[in-house]
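Thanks, everyone, for making time this morning. Please have the sequence and the structure open while I talk, and I will go through it place by place.

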Amino acid sequence: PAKQAAVVFPVGSVVEPTIVVITPDTTYYPANCSGPLDTTLCQYPRFYHYNVFPDVKLNLPAKVQVCHVDAGANRLPLADHDRFRLAHEKPASASNYSAGSTIVDNVEVLAYTVINVTDCTAGGGTQYSAVLRPDASRYERAAFFAQGLARRVASAARTLLLPKDAYAIDIGGGGEADFFSMFGVVDPQSQADLAQSPSLATQFHPTVGSITSGNPLPLAAWNITNLGSGTSGAFTSSIVVANDSLLTSVVSSTSLGGAASLVPQAVFTYGAQSITMPATPGTYFVGTRVSPVGTDSTAVDDLVSVQVVVNAAAPVCSAPWTCSGPGITSATITTGDVALFYNHTPSSYSLEQWTFSRPATTTGTYNFNWTYSGLHSWYSVTQALEVFADGPTGTTTVPLVNVYIAGSAGNFSYLGSASLPLTAGYAWGLRPSGQHFDSSQILTGTVHIIDP
């Protein structure tokens with residue numbers, strides 16, 4: 001009665017009286033491209049059951065037409081109407097396929113024909129919404145019928161003003177069918193386009209741009225969106241750490257799950273997580289790539305990457321040594337050697353001092369060899385080193401290096417031997433110090449205690 005679905009039988013198509021019933025499909029399909037037909041092609045409401053009795057193959061093909069949604073807020077077309085075609089459930093036997101049709105999945109896409117009998121008009125008011133519920137209130141029923149009347153009035157007015165040009169499937173166009181079943185409009189050219197989120201806020205990104213070696217890199221949640229005109233097949237994603245922004249020089253890769261499908265405009269979210277970055281300091285690129293199993297219209301938006309800097313782990317002061325002083329300090333113990341390190345870039349030209357100490361384990365004279373090397377910038381430089389030992393009567397201090405260079409200086413290196421009176425339980429150690437009057441602001445050095 002709404003003239004949004006029709007069929008025309010040419011003379012001679014049947015040889016006996018035939019009953020024809022066209023019934024709207026009352027199931028509501030809110031998701032883009034969804035519908036009752038068993039196909040991955042994008043489907044557009046409305047959908048209609050065409051039943052005939054007796055149900056036999058026609059002698060001549062009938063012309064079938066249905067209107068598809070082209071107005072309102074729900075299920076608007078995602079592509080040009082010109083490429084839409086009428087389809088229905090595939091006949092069980094190939095001998096019943098219609099001439100010129102194409103079989104896709106479990107549907108038969110019918111050959112285009114001109115029928116021009118419905119009240120479909122492009123942009124003229126074919127809307128799609130849920131059908132009226134049996135338990136709807138009288139106010140809901142009044143609103144429902146008022147909306148339907150408005151749609152029909154708009155459609156009729158447009159029909160009077162515009163001729164029915166056969167340029168689209170819902171304006172004069174239809175399909176030729178030899179058998180009947182559920183019919184609807186599909187887009188034979190529909191394709192998915194899985195893409196990284198176009199919004200920076202929901203795009204893949206680490207929450208920090210640099211990280212210390214050995215620490216996990218936190219990643220914010222991110223979205224995958226189907227920007228295409230068709231429902232996607234299954235897809236997965238991966239997190240890749242690489243040496244280049246296109247993620248081709250892969251350092252590591254972590255596979256993630258995905259979804260079995262994603263309708264157009266829908267979003268799939270990967271939750272926040274973290275990954276382990278390489279132990280080697282350097283500049284890397286961290287990104288994600290979506291990997292569709294089915295057809296994807298373009299791959300240029302499947303990947304996104306972000307630069308992340310991995311910094312060297314800060315040196316530590318290994319027990320039983322304690323380290324104090326400005327900047328970075330460390331104590332590294334190996335067999336027969338202890339390396340005491342400092343590195344500082346002061347903002348002033350004052351004298352700086354570092355203290356490296358540990359408790360003595362025995363009482364007696366301790367003899368050892370030492371080396372001291374480093375750089376205290378290049379002008380008006382002080383280089384100094386002393387050893388000390390605390391005891392019950394006070395502190396013993398022995399100077400090892402005390403050098404002042406008034407003019408140009410540079411890298412330095414000293415070595416020698418020393419003796420200290422140690423008392424078990426009391427601290428002993430070394431105090432390097434340095435100063436300069438150079439804009440480079442470098443104070444760095446290493447003392448080795450060599451004890452075979």
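Leucine 200 counts as exposed because its relative accessibility is 68%, where buried means under 20% relative accessible area, exposed over 50% and partly exposed in between, with a 1.4 Å probe and protein chains only. You will find leucine 200 in the loop between strand 11 and strand 12 (210-212); helices (H or I, at least four residues) and strands (E, at least two) are DSSP runs, numbered from the N terminus. The C-alpha atoms of leucine 200 and tryptophan 222 are separated by 9.4 Å, and these two residues are 22 residues apart along the chain.

Before I go on, a word on the source: this is a predicted model, in which local features need pLDDT of at least 70 and side-chain atom pairs count only at pLDDT 80 or more, while totals for chains, interfaces and linings use all residues. Residues are numbered from 1 along each chain as its sequence is written, and side-chain values use heavy atoms, with hydrogens and water left out.

Let me turn to strand 11 itself, residues 194-196, where glutamine 196 lies. Is glutamine 196 buried or exposed? Glutamine 196 counts as buried, because its relative accessibility is 6%. Its side chain reaches the backbone oxygen of aspartate 302 at 2.8 Å. If we leave aside residues up to four places away in sequence, glutamine 196 touches Trp222, Asn223, Ile224, Thr288, Arg289, Val290, Asp301, Asp302, Leu303 and Val304, contact meaning heavy atoms within 4.5 Å.

For the chain as a whole, there are 1 helix and 31 strands, and buried residues make up 43% of the 452 residues. Of the contacts in the chain with a separation of 6 or more, 76% are between residues 24 or more positions apart.

Next, please look at strand 6, residues 102-104, which holds valine 104. Valine 104 counts as partly exposed, because its relative accessibility is 23%. Not counting residues up to four places away in sequence, valine 104 touches Thr39, Leu41 and Val109.

Aspartate 105 lies in the loop between strand 6 and strand 7 (107-109), and has a positive phi of about 55° although it is not a glycine. With a relative accessible area of 39%, aspartate 105 is partly exposed.

The peptide bond from proline 45 to arginine 46 is cis, with omega near 10°. A cis peptide bond also joins phenylalanine 53 and proline 54, with omega about 0°, and proline 54 lies in the loop between strand 3 and strand 4 (62-66).

Definitions and conventions
Polar contact = N/O pair within 3.5 Å; in protein donor to acceptor, adjacent residues only side chain to side chain.
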